[in-house]
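Hello,

Here is the structure you asked about. Have a look at it first, then read my notes below.

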Amino acid sequence: MADDKNKKSPVMDSEIFYPSKEIIENAHIKDYESMYKYSIENREKFWAEQADNLEWFKKWDKVFDASEAPFYKWYTGGKINIVHNAIDRHLKSWRRNKIAIIWEGEPGDVRTLSYHALDREVSRFANILKSMGVVKGNIVTVYMPQIPELAIAMLACAKIGAAHSVVYGGFSIEALAERIKDANSRILITADGGFRRGKATDLKGIANDAMKRSPTIEVCITVKRTGKEVYMESGRDFWFHELMSLPIANPKCDTEVMDAEDLLFLLYSSGTTGQPKGLVHTHGGYAVFTSTTHKFVFDIKDEDRWWCAADPGWITGHSYIVYGPLINGSTIIMYEGAPNHPYPNRWWQMIEKYGINILYTSPTAIRGLMRFGEAWPNRHDLSSLRLLGSVGEPINPEAWRWYHRVIGKGKCPIMDTWWQTETGGFMITPFPVTPLKPGSVTKPFFGNEVAVVDDDGNEMPAGEEGKLVIKSPWPGMARTIYGDSERFREVYWDDYKKQGWYKTGDSARIDEDGYVWVIGRIDDVIKVSGYRLGTAEIESALVSHEQVTEAAAITLPHEIKGNAIHVYVILRDGVTGNPDLVEALKKHVRNEIGPIAVPETVTFADKLPKTRSGKIMRRVLKARALGQDEGDLSTLEE
């Protein structure tokens, strides 16, 4: 990006970063506005054209079916299997010998799998699952660290028509048992453990305790990763490597023909509020949506090495480590461990070592690495990077600028994507050709119409905050909540039933240029003396201070103001909190936002309570401050 072209936006007082001529010339999408207009005016035709890029056993009868709204269907009558598109079809071309996965373990061990080798491993494990009685329509629970066998297990389930329910490999006994029960799983796939910050985790111990509460589990298959001694129950527990050495692990396995609307997977939302929801995604629409969004937004080329530094246990990993990239024939990087182990240059070392072209990660990870300064990334050659990405929460402008300047060397556009477990893929996002404003997710992806509205559905004026809604269905959308269709209708559709809009649960504003600024969950909007402030605004102001890397803002009751702002701050490495710094931070917030946003208290912290997808759990901070019950902590990172 040419920094000499940066200018101020009259609306949000933010720089605009323009893409280079080279980026524009090589982009799949060169004219967003005309393509977007076409996709809205010809929505079904557009999604039919994208579906034509996949291989179908039988073409669909109808692109879109709204007869049972809001339980929408896509590509009805079509026959497909996502694994046929992610693996099988590549075996007929030169991609057969292309590297599909480069995996690095935290201790430094490395494995690579070509598409041919991946097919053999998936087929062998699929045959093992069949020998264990897994049939089309079963739901298999997977609880593993980030190792290749996690992707292999997911793909093996889908290949034979079973659905997978991946439970992130850091969840507690209660969270795992609850998800096994909800999915009614007979089979659990796990590992003895994984490596995190130099220590072996005990996944099998947690799995064993969860199975004591899960009478439906008949078989547990365990991958030997750490070599730690674990309890194996006779008749129930089997070692993955021993099963894979048996004649039943045949490297040939037919891919099951599935209906486009057949269940592909359940994935439970992070549950920052209320009981986790098992969201249902299907083979057809999800395959089309993830591959299309991945290809266009990140301008995927055959020679790219793509690194989504998430975990397959989250929707980001499902859509943009496993399914979308494999459908597009990409080479995927997977890494098992922490970004700062053993030193804060681990990621930068990997980018240099593997020649990675695209890095897609979370603001939490970026801020965490910012703490250690610029010297660590500057030790490495990051010139292979062409694009950067951000996912999971609104990115603070300060973190955006650091990411752009220090990691992207001022030349890599940042694709700041907004989407949810429920949406399956990117909903609001820039493209490489989009002029960028730090902190804005820019404009809707093709086929999507969004608005910021009040409680009655009236659109808010430019620059004013309201509730973010999606006006039209899309192929990657969750079809329902497993076993609770009424809750699905109530949570996502009832608020704007008359208009037929999907409620995202996020607050946002749209500026005069049509750029969307997501503020955060509606629960994270705070009122002080009658004024509404987004926690993200206050946190961004704090993070823009040179000694702060991360912040969380909450409100607590106040006799005069109604509510008062309290903030928790993580400082840069080597900086110690003191009363002078408290005053300096209050003054800084006053200068950045105004007197109304000045926090009542500033508390220095070493860490913040977060879900394992990196979202700050402000309700936990609030409950702790008020001495209240902290509620469901099953999704907490620590």
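**Strand β9 and its neighbours**

V142 has V166 in β9 as its bridge partner. Keep in mind that this is a predicted model. The strands involved are β8 (residues 139-143) and β9, which pair in the parallel sense over four bridges. From β8 the chain crosses through helix α6 (residues 148-159) to β9. This β-α-β crossover is right-handed.

β9 also pairs with β16 (residues 263-268). Two bridges join them, and the strands run parallel. Here F265 in β16 is the bridge partner of H164.

Which way do the residues of β9 (residues 163-166) point? A163 and S165 point one way, H164 and V166 the other way. All of them are buried.

**Helices α3 and α10**

Helix α3 (residues 43-51) and helix α10 (residues 283-297) meet. Their axes come within 10 Å and cross at roughly 85°. An angle of 65 to 115 degrees counts as roughly perpendicular, so α3 is roughly perpendicular to α10.

From α3, the contact uses W47, Q50 and A51. From α10, it uses V288, F289, T292 and F296. Five of the residues in this contact are nonpolar, two are polar and none is charged.

**Backbone points to check**

Most residues other than glycine have a negative phi, and most peptide bonds are trans. Four places in this model are worth a look on that score.

Two are cis peptide bonds:

- A69 to P70 is cis, with omega near 5°. P70 is in the loop between β3 (62-65) and β4 (73-76).
- H341 to P342 is cis, with omega near 0°. P342 is in the loop between β19 (331-335) and α12 (346-354).

- N184 has phi near 55°. N184 is in the loop between α7 (173-183) and β10 (187-191).
- K409 has a positive phi of about 55°. K409 is in the loop between α15 (397-407) and β22 (414-416).

Are N184 and K409 exposed or only partly exposed? N184 has 51% relative accessibility, so N184 counts as exposed. K409 has 38% relative accessibility, so K409 counts as partly exposed.

Best regards

Technical notes:
Residues are numbered from 1 along each chain as its sequence is written. This is a predicted model: local features need pLDDT of at least 70, side-chain atom pairs count only at pLDDT 80 or more; totals for chains, interfaces and linings use all residues. Side-chain values use heavy atoms; hydrogens and water are left out. Axes are lines fitted to C-alpha atoms, for helices over the stretch in contact, and angles run from 0 to 180 degrees between N-to-C directions. Angles under 35 degrees count as roughly parallel, over 145 as roughly antiparallel, 65 to 115 as roughly perpendicular and the rest as oblique. Contact means heavy atoms within 4.5 Å. Ala, Val, Leu, Ile, Met, Phe, Trp, Tyr, Cys and Pro count as nonpolar, Asp, Glu, Lys and Arg as charged, and the others, Gly among them, as polar. Buried means under 20% relative accessible area, exposed over 50%, partly exposed in between (1.4 Å probe, protein chains only). Two strands pair if DSSP finds at least two bridges between them. A crossover is right-handed if, with the strands pointing away from the viewer, the path from the first strand over the helix to the second runs clockwise.
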